[in-house]
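Student: I have a model open and want to learn how to read it. Can we go through it feature by feature?

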Amino acid sequence: MTLVRLSTAVRFSLSSAPEMAAPFSQMHIADASADKCRAAEQRLIRAGGSPTAYIGVAEQTAKDVVTRLNPSGLHFIFLDPFNLQALPFSVIKAFSRLKRVDMLIHLSAQDLQRNLGRYIQAGDDRLECFAPGWRDAVRLDQSQRAIRAGILSHWASENRALGLPPAKHAELVSGTTKNQRLYWLIFVGRHELANQFWDKIRSPGGQGQLI
C-alpha cells in the first residue's frame with residue numbers, strides 16, 4: 001500500500017514503522033517549501049521510512065506522484081493544505097485516476113468562514129480552483145451560512161462525480177479555548193469497507209456532517 005502526503009505547510013509526518021505487520025510499500029511526500037519538505041523527509045527516515053520527496057505546489061506534485069504509482073495498487077492520500085485555495089480540485093482529480101484510492105482531506109472551515117465575504121466578490125476566482133463551477137450552483141442572495149453550505153455541497157457533488165463520495169460524517173476539529181471551528185477532516189473513498197474503517201476510528205465526540 002502506498003502513502004502519499006501533499007501539504008503546503010508540514011506540521012507533522014506520517015510514518016510506517018518497520019515493526020508494523022503491513023508497512024507501506026511506498027511513501028511520497030510533497031510541500032511547496034523545500035525546507036519543510038526536507039524536514040519531514042528526515043523525520044520519516046529516522047522513523048524507519050523511505051519516503052520520496054517532491055518540492056512544489058500540490059497541483060503539479062500530484063501529477064508527478066501519480067505517474068510513480070501502480071495504477072492497480074492500494075493507495076492512501078493525505079491532503080493537508082494551508083487554506084482552500086491551496087487545495088485545487090485538480091489535485092483530487094489527478095488521484096481519482098487510481099483504481100483503488102482513499103483520501104483523508106484537511107478542509108479549512110476557518111478559511112471559508114473568515115474569508116467568505118472576499119471570496120464571493122465579483123471577479124475573485126480563488127474559490128473557483130477549490131470548487132470549480134460553484135458560482136453557477138450556489139445562490140448568493142442568502143445567508144453566509146447557507147452560501148458556505150452550498151459551496152461545500154457543490155464540492156462534495158464534484159467528488160461524487162469522480163466516483164469518490166465523501167463519507168457521511170466528517171471530523172470537525174475545533175479550538176481548545178474559544179471552541180472556534182478550525183478544519184474538517186473529510187474521508188473520501190470508493191469502497192464501502194474503507195468507510196466502515198473510517199467510522200470506527202473517527203472520534204464520536206468530534207463528529208459532524210459536512211453540510
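This is a predicted model: local features need pLDDT of at least 70, side-chain atom pairs count only at pLDDT 80 or more; totals for chains, interfaces and linings use all residues.

Student: How many helices and strands does the chain have?

Tutor: The chain has eight helices and eight strands. Of its 211 residues, 46% are buried.

Student: What share of the contacts comes from residues 24 or more positions apart?

Tutor: Count the contacts with a separation of 6 or more; 64% of them join residues 24 or more positions apart.

Student: Now a single helix. Which residues of helix 1 are buried?

Tutor: The general idea comes from the helix repeat. An α-helix has 3.6 residues a turn, so residues three or four places apart point the same way. Here, helix 1 covers residues 34-46. Its buried residues are C37, A40, E41 and L44. Looking down the axis, these buried residues fall within an arc of 105°, so they line one face of helix 1.

Student: What does that buried set pack against?

Tutor: The buried residues of helix 1 pack against strand 2 (26-31) and strand 3 (51-55). On the other side of helix 1, D35 and R46 are exposed.

Student: What is the end-to-end reach of helix 1?

Tutor: From first C-alpha to last, the 13 residues of helix 1 reach 18 Å. That is close to the 18 Å expected at 1.5 Å a residue. Just after helix 1, look at G48: its phi is positive, about 100°.

Student: Next, a pair. At what angle do the axes of helix 4 and helix 7 cross?

Tutor: Two packed helices are described by the angle between their axes and the distance between the axes. In this model, the axes of helix 4 (residues 109-119) and helix 7 (residues 144-161) cross at roughly 105° and come within 11 Å. The two helices are therefore roughly perpendicular to each other.

Student: Which residues make that contact?

Tutor: Helix 4 brings L112, Q113, L116 and G117. Helix 7 brings Q144, I147, R148, I151 and L152. By class, the contact has five nonpolar, three polar and one charged residues.

Student: Last, one residue. Where is E158, and what is its relative accessible area?

Tutor: E158 sits in helix 7. Its relative accessible area is 27%, so E158 is partly exposed.

Student: What is E158 in contact with, leaving aside its neighbours within four places in sequence?

Tutor: Beyond those neighbours, E158 is in contact with F89 and P132. Compare sequence and space, too: E158 and A131 are 27 residues apart in sequence, and their C-alpha atoms are 7.7 Å apart.

Definitions and conventions:
Residues are numbered from 1 along each chain as its sequence is written. Side-chain values use heavy atoms; hydrogens and water are left out. Helices (H or I, at least four residues) and strands (E, at least two) are DSSP runs, numbered from the N terminus. The expected span of a helix is 1.5 Å times one less than its number of residues. Buried means under 20% relative accessible area, exposed over 50%, partly exposed in between (1.4 Å probe, protein chains only). The arc is that of the directions from the helix axis to the C-beta atoms. Contact means heavy atoms within 4.5 Å. Axes are lines fitted to C-alpha atoms, for helices over the stretch in contact, and angles run from 0 to 180 degrees between N-to-C directions. Angles under 35 degrees count as roughly parallel, over 145 as roughly antiparallel, 65 to 115 as roughly perpendicular and the rest as oblique. Ala, Val, Leu, Ile, Met, Phe, Trp, Tyr, Cys and Pro count as nonpolar, Asp, Glu, Lys and Arg as charged, and the others, Gly among them, as polar.
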